[in-house]
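Let's take a quick walk through this fold and its ligand site. Have the model open as you read.

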Amino acid sequence: MSDLELKAAEKFIPPESQGGARSSGAAEKPKAHADSDVVIEFRDVSKEYAGKVEAVTDANFKIHIGEFISIVGPSGAGKSTLIRLLTAEEEPSKGEILVAGRNISHLKKRELPFYRRKVGVIFQDFKLLPKKTIYENVAFALEVSDATDEEIAEKVPKIIQIVGLTSRIQAMTEELSGGEKQRVSIARALVHNPKLLIADEPTGNLDPVSTWEIIELLFKINKQGTIVILATHDKEVVDTLQKRVISMKEGKIVSDEEKGKYKL
Ligand code: ADP
């Protein structure tokens, strides 16, 4: 990566939205967003899988610094495809996805790991290593990115504290409740200070109390300057959030509203 490209990639979100935005509350932005605040832009994006299933059709939207967005829609609507397009696991068949002004389809192979670290993803089924402790699960995400032992020893306890699991840091992951497991997966997603956190049905396996604890944690992370995208079926969560809602149906974005509701 050239110095210039590296600089562009590092500016995934302009610096003022990180630490600096904490005190002013990045999530409490007014409804109208400045063009300079655009971080992600989908321009006429379609995705057709082999077999001619058009999973996403002509998606157009912009995501701005500090936003918390829910993506809703019935099963098969195209939510997961949209997420995989954003993480660059899939390429659009048509259109462009710009992140910090760069077309992510043009990222070079060696740039992809860097990009993916800046996009944390958590899933309904956690995807943790069950026979490892909480500490080991979080440390593992750093080990695979060549962090030094010192960095790991310093960073892991801090991140586990953010997700409220310090007292269980040496507990085996398979012994944890669903809510605790999801906290571990959030911790793991946070180790690279992502600019964007994507949560794909994160509360699908959780009871109502754990669900709200996880949503509150996502809120806290959002307030600290990370964009959060929440794909969910949970009508109650979406309606209570009073945040932007993008609704999908049969691959199309059928509504996109600030302070939206789940209305499919
Ligand atoms: P959602 O996440 O809203 O349930 P998906 O993005 O998973 O929706 O699926 C959208 C459509 O694309 C569905 O018709 C699904 O069967 C199809 N689809 C998803 N992934 C693939 C794939 N890898 N290959 C072919 N078709 C797929």
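## Overall fold

Two residues are in contact if their C-beta atoms, placed from the backbone, lie within 7 Å. Take the contacts in the protein chain between residues at least 6 apart in sequence: 70% of them join residues at least 24 apart.

A heads-up: this is a predicted model, where local features need pLDDT of at least 70, side-chain atom pairs count only at pLDDT 80 or more, and totals for chains, interfaces and linings use all residues. Numbering starts from 1 along each chain as its sequence is written.

The protein chain has nine helices and 10 strands, taken as DSSP runs numbered from the N terminus (helices: H or I, at least four residues; strands: E, at least two). Of its 264 residues, 39% are buried, meaning 20 or more other C-beta atoms lie within 10 Å of the residue's own, with C-beta atoms placed from the backbone.

## Strand S3

In S3 (residues 68-72), five of five residues are buried. Phe68, Ser70 and Val72 point one way, while Ile69 and Ile71 point the other.

S3 runs parallel to S8 (residues 227-232), joined by five bridges; strands pair if DSSP finds at least two. S3 also pairs in parallel with S9 (residues 244-249), over four bridges. Isoleucine 71 has bridge partners in both: alanine 231 in S8 and isoleucine 246 in S9.

## Around the ligand

The residues around the ligand include Tyr49, Val53, Gly78, Lys79 and Ser80. Strand S2 (53-64) and helix H3 (79-86) each supply at least two residues of this shell, and H3 gives the most, with three.

Definitions and conventions:
Near = placed C-beta within 6 Å. Buried ≥ 20, exposed ≤ 12 C-beta atoms within 10 Å, placed from the backbone.
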